[in-house]
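Student: Could you take me through one part of this model up close? I'd like to look at the packing inside and then at the charged pairs.

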Amino acid sequence: MRFAGLSKTMMRLMLVLGIMTHTAAFGFEIEDQKLYAATNETSVLRIISTTDIDAFEPIILAYQSENPGISVDYTIASSTELMSAIYVEGAVFDLAISSAMDLQTKLANDGFARSYVSAPTAALPDWAKWRDQVFAFTQEPAVLVISERFFGDDDVPRNRQELIELLRNRPEQLRGRVGTYDVRVSGAAYLFATQDSRNSESYWRLTEVMGSLDARLYCCSSDMIRDVASGELAFAYNVLGSYAESQKHATSGFRIIEMDDFLSVMLRTAVIPTSAENITAAEAMVDFLATLNARPALNNLSGLPPIDEVALRSNNALRPIRLGPELLVFLDRLKRDAFLRSWTDAIQQ
Amino acid sequence: MTGRFGRGSIRLRLVGQLAAVAAVLSVAFFLIVRGVAGQAAEDTQDNILAASATAIADALYTDNNAVSLELPYSAISMLGTISQDRVFYRVVADGTTLTGYDDLPSPDAQTLGPAPNFTTFPYRGESVRVATVLRSVSVGNQPVNVTVTVAQTQLGLAEISSRITATATAIAVGFFLAAMALILLAARSALAPIGRLTRSVSRRGPQDLRPVVTDTPTELVPLVEELNKFISRLGTSLSRSEDLITEAAHRVRTPLAAVRAQAEITHHRLNKPEHRQAIREMIRAIDESSRSAGQLLDHAMVTFRADSHERDALDLTDLLNDTCNRLGPTADLKDIDLIRDLPEHPCEMVGDRILLQSALRNILDNAIKYSPADSRIIVRATDGDAYRLSVSDEGRGFGGAAHTELTTRFSRGSNVSDIVGSGLGLTIADEVALTHGGRLEISENTNGVGACVSLVFPKQ
Ligand SMILES: Nc1ncnc2c1ncn2[C@@H]1O[C@H](COP(=O)(O)OP(=O)(O)OP(=O)(O)O)[C@@H](O)[C@H]1O
Ligand SMILES: [Mg+2]
């Protein structure tokens, strides 16, 4: 159950990351698809995305009201499927939206992205774009989600050191009741884990301690929040903050803790693939996404926090993951194998 | 243009040659800056690529009898810090790819030395700069050759190089403009003495023949010395001619006067009419010679003074009175009534007194000479837009002779053979009028008898 679908995902990623001697055609796997037809359709914008329809729908509708006549064909796939669709299959999409910054960067680095410069993209901060090919439009920190049943007001851990101490001091209460992402399954989780490992040595100690307490591994933020809210888990580590925030009004019983030592911030990015056909519409969407921080109402609807340099600077624990070739390092086959080996050794004891 | 610059301006030549030098220096400067800075930028990329490849090579290790690698994060991130260029790498152990981009060309291990190897070639649609490092790793006591190749596109380099080019261009252009400004200033100050010399020569009056004494730069000293010698020679020669003219008048007139007196006496003594006739013709010839000599010298004097005539403030009424007074006795001999019709006030103008006197004397002399006895001559001056000095008589008039002809040298009327004359008087008057910016007007008298000759001087 814990490793369901893992082998296939791994295989697909291996394929992307260098073992490309296969010529056999793989169909990529999609999770959902929805067509937003325009009344007087002039063109279709085909988007492949890792973002849930719930979150992205308000953006599509607002985009369509500003760009009438453009139908939006929205396909959802996992980040590895998205990568495989464009990198291996050469599937025709006008825009690729993904939370996997490393894979998006690889698309651009390996020549699968178109360059685009406009006033809105030029206004983006330097850290929110790369080569004028990868454009970030959200900043989403990885947070700690704690159960209100377990924690009072005064014993909430504020940083990783306190979390480690908590785990060491109360092993009996916490055994089997801590959760985190399975980094072997989720692209975003792998990205957070590798960045955590770079940011602080405490990451490995934390992983080992969680492993010694039979940490439960999850595929998705939604399952973790459900289990934290129900009290089945005392806390879940590295949950996508934006998602947790959006669940607050529907689900009770959990709290979001932004730790004060550091917070890895993931940037959701858009890339116009070289295979794009409706380039004008794709560029209009990039412009739209680059100006999200001027539309607070829309951000409330989608639950996606826009690029906001002021917010970023007001909390110096926030560490946005840098776009650049260094993101390719953890995609290296040997590096990835070694990292996952260390991680598996630490989490399974 | 030719007047201002003449043929081959020193300034143009000076400025032109210095500008060419400045331009050559600017271009050389531009090329050097761009070359050096461009090389430095290329070296920077090479150094980082080599450092990256070396860092990867240092991370190689042996695991289970095979070469393995944990790609160091810094090895790639250092490439991301300088530019947003694309990065590719490949690690080959014993001919098989360990990790990285399979299709990235990697040089054969055999051809590599201990130092990093650099090449540039197109890869995935862009030109990439490539560094390769060779490392020998021992696996089960067997050395295995591992090549680490790191490649980066050259977008950042192109950006730096265009920035360097822009800076180098701006500096070179700035240098050239500054040099040009200095060159123009230098040319001006170098040539200033020539201008000063020119002004000091051209400012002097027509009579000023003193040597030039302005401060002169060494190069111009010989020229100024020669100029001064020339001026002094000219001065000598001028005063000599002036002396000659006055001298000659005396020298010719005095002996002629003596001969004439002797002839007169002889004439009285002779009785035979044919002898008296011969003597009368002799006297007439003497008169003509004397007159001619006098007029010729007067004319020479007028021509001489006309070039550099003096500018005295004088009163024309005064001059007219003076002339009438002098010729009054001659008129009296013929019982001619010399009527002066002159304004009360002075008629002031600037001119050469001697020349004007000579002109007026000749005009009045003609009037007296060509008038019959017991007639009237009116000397009139009017003052309007111009001063008009006219002498009208009741004599024989011009007899239809063309007026322009009468002012040419030695031309005389056809109706005056009975009267001695050389044909130079009106020529003198005409030249004096022109010298003073005026004109000579010749007309028949309005009432039909006699001539009217006028000098007209417009007021400035
Ligand atoms: N007042 C005058 N009346 C008539 N004819 C004149 C008068 N003035 C000049 N002429 C004519 O113009 C001619 C030229 O005059 P001009 O004074 O130049 O020469 P000139 O009187 O003959 O000789 P000289 O040089 O000795 O005066 C005269 O020969 C004469 O024919
Ligand atoms: Mg005369």
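This is a predicted model: local features need pLDDT of at least 70, side-chain atom pairs count only at pLDDT 80 or more; totals for chains, interfaces and linings use all residues.

**Around F235(A)**

Tutor: Leaving aside residues up to four places away in sequence, F235(A) touches L144(A), V145(A), I146(A), F151(A), L163(A), L167(A), R177(A), V178(A), G179(A), M210(A) and V228(A). Step back a bit, and F235(A) turns up with F56(A) and L60(B) as the residues with the most contacts inside the largest nonpolar core, which has 155 residues. Strand β6 of chain A, residues 134-147, gives this core its largest share, nine residues. Another core lies apart from it, with 40 residues, including A331(B), C347(B), F398(B) and L426(B).

Now for the charges. Side chains of opposite charge can pair when their charged atoms come close. Over all chains, the structure holds 36 salt bridges. In chain A, a network of them links R216(A), D223(A), R226(A), D227(A) and E232(A).

Over in chain B, D365(B) and K369(B) form a salt bridge at 4.0 Å, N to O. Both sit in helix α8 (residues 353-369), four residues apart, or about one turn of the helix, and both are buried. E394(B) and R376(B) also pair up, at 3.5 Å from N to O. That bridge links distant parts of the chain, 18 residues apart: E394(B) is in the loop between β12 and α9, while R376(B) is in strand β11. E394(B) counts as partly exposed because its relative accessible area is 30%, and R376(B), at 42% relative accessibility, is also partly exposed.

Notes
Residues are numbered from 1 along each chain as its sequence is written. Chains are lettered from A and ligands numbered from 1 in the order in which they are written. Side-chain values use heavy atoms; hydrogens and water are left out. A nonpolar core is a set of buried Ala, Val, Leu, Ile, Met, Phe, Trp, Tyr and Cys residues joined through side-chain atoms within 4.5 Å. Buried means under 20% relative accessible area, exposed over 50%, partly exposed in between (1.4 Å probe, protein chains only). Helices (H or I, at least four residues) and strands (E, at least two) are DSSP runs, numbered from the N terminus. Contact means heavy atoms within 4.5 Å. A salt bridge is a side-chain nitrogen of Lys or Arg within 4 Å of a carboxyl oxygen of Asp or Glu.
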